[in-house]
Amino acid sequence: PEVITGDVLGSVLVDSGRLAQLALSNHERAKDAARESGLLLVALRALSGPDPVARLPPGLAVAMADTLGNAATAMGNKPYLHEAGAVMLLVQLLHAPSTALQTAAARALHNLVAHNAPAKDAVRDVGGLLVLLMLTAKATTPQLALAAATALENCTANSEANKAALGKLAVFDLAKPMLVSAAWKMQDVGAKIVGNCASLAANKSAIAMSGAPAALVPLLASPKTLVVESATRALANCTADCVPVKKQVVAAGAVAAAATLLEPGHPAGTPPMLRLVLKTLGNVLTLRDAKSAAIDAGLFSKLLTLLGHSKLGVRLAVVRGLEAAAAGSTMVKDRIRLLSGIGLLVTRIETTFTALVGPPAKRPTAATRKHLAAELAALVKLLGNCATLPESKDTVRADGGVAILVRLLAHALKPDTDGGSVLGTTLKALQNVTANNMKNKKIVRKQGGVVLLADYLRDLAAALHGKPAPLAEFDRSVRTCEALEVDPRQMSTFAICFS
């Protein structure tokens, strides 16, 4: 600070500024020292005032802006710079006549707002979002456009207010040209901006109208893994609870493109990436056109293979995707049956059930049990859904599915177990597999399922006279016993319930 503020030659000033910039580039202790010594305050004062480029020796303004940007990566410097007015200063520098200084200011803002909610709010309050948006669209150099775009990306991360503000500023109309840019870094940043802003429900209609979701689909085939990841995350957010966007991306070939990412050995096939791809598929497979596209792309064989994945989160995403596809679709259920999917589901149910109720010494942690119970409930729900097809009922029995459902029912009815979350889905699955299928009914009887149901209904009947009963589960139990063709007049517990 003494050299920069002293009466020395301009070349020494510039060299000192560059030295400060370089020293702070990758040295955390230097970043703290810059704050403690007053260097950051000197840089802020040097850049304040009209036209610092003309006022300071050539190169010093850019070096000072870069110094601020490098220092801003340290968490200890973020509140200090924010309180010292760095946001307002850097936004003002975005209007500088020097492209190099504008670029340095945009990069500094990118670093300053990262994980810094007050700075993000300040950028919005001083009009910085609009300035960054205009620079991204009309910058005279690719470096400035990219620096402004990356600053916008950080401004939208975990900031609902900034997402809403940019949605009103038509950020998605700007994002589409970014997605079709020849520069992969611009594609990546554009996808991240869309993905961040798409998590806000109020932006969904604007996203659909911009056409940006369709422009994301070709990026799934990018040779750059970072671009693929950003595009996949953006599609997962865009397609959540928005039918127009779902239709747009399905028409653009999203299902076939996503199926390619599920190929064994794909560079983007890491567990986090797989979860994003599967989340996107789960969102769009509610559409009839997406189900047909999935069959054409051979998607269901890949999904069924992933049921054996080692990561629980991936398996759960697979089951939810299959459930979305199977809901209300005879052709998907039949496809799962033809691909031996019933047997795979039964095997996975048994494996997950065994892991959930294993010996106490080998029992997983409470958090893992919770996730296993969620996986088990999803698997049983999917099996019950598939069992609505007459052809699948016999397959469920042949693969041991009816017997395992009775075992699940026995576990779910025990007090203080993890079975409560699977009780409803197990009752529904039993109802479906036994409806109009005498052989399955006999297996349920032989496995003691009728006695289990009778005991459960007795408890529900008692609850009706004392405290609120889980009526949805009560209804499922009654209909399950009706499917088993048990005469309620022969069982006092049924008589109490019906009365």
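**View 1. Helix H29 in the predicted model, a mostly covered element.** H29 is mostly covered, with nine of its twelve residues buried, in a model that is predicted. The buried positions of H29 are Gly 401, Val 402, Ile 404, Leu 405, Val 406, Leu 408, Leu 409, His 411 and Ala 412. The helix runs over residues 401–412, and the distance from its first C-alpha to its last is 16 Å, close to the 16 Å expected at 1.5 Å a residue.

**View 2. Helix H24 and the glycine that comes just after it.** Just after H24, Gly 328 adopts a positive phi of about 70°.

**View 3. The crossing of helices H22 and H25.** The axes of H22 (residues 288–296) and H25 (residues 330–338) come within 10 Å of each other and cross at roughly 25°. Since angles under 35 degrees count as roughly parallel, H22 is therefore roughly parallel to H25. The crossing of these two helices, H22 and H25, is left-handed.

**View 4. Residues at the contact of H22 with H25.** From H22, Arg 288, Lys 291, Ser 292 and Ile 295 meet Met 331, Val 332 and Arg 335 of H25. Sorted by class, the contact of H22 with H25 comprises three nonpolar, one polar and three charged residues.

Terms used
Residues are numbered from 1 along each chain as its sequence is written. This is a predicted model: local features need pLDDT of at least 70, side-chain atom pairs count only at pLDDT 80 or more; totals for chains, interfaces and linings use all residues. Side-chain values use heavy atoms; hydrogens and water are left out. Axes are lines fitted to C-alpha atoms, for helices over the stretch in contact, and angles run from 0 to 180 degrees between N-to-C directions. Helices (H or I, at least four residues) and strands (E, at least two) are DSSP runs, numbered from the N terminus. Angles under 35 degrees count as roughly parallel, over 145 as roughly antiparallel, 65 to 115 as roughly perpendicular and the rest as oblique. A crossing is left-handed if the near helix is turned anticlockwise from the far one by less than a right angle, and right-handed if clockwise. Contact means heavy atoms within 4.5 Å. Ala, Val, Leu, Ile, Met, Phe, Trp, Tyr, Cys and Pro count as nonpolar, Asp, Glu, Lys and Arg as charged, and the others, Gly among them, as polar. The expected span of a helix is 1.5 Å times one less than its number of residues. Buried means under 20% relative accessible area, exposed over 50%, partly exposed in between (1.4 Å probe, protein chains only).
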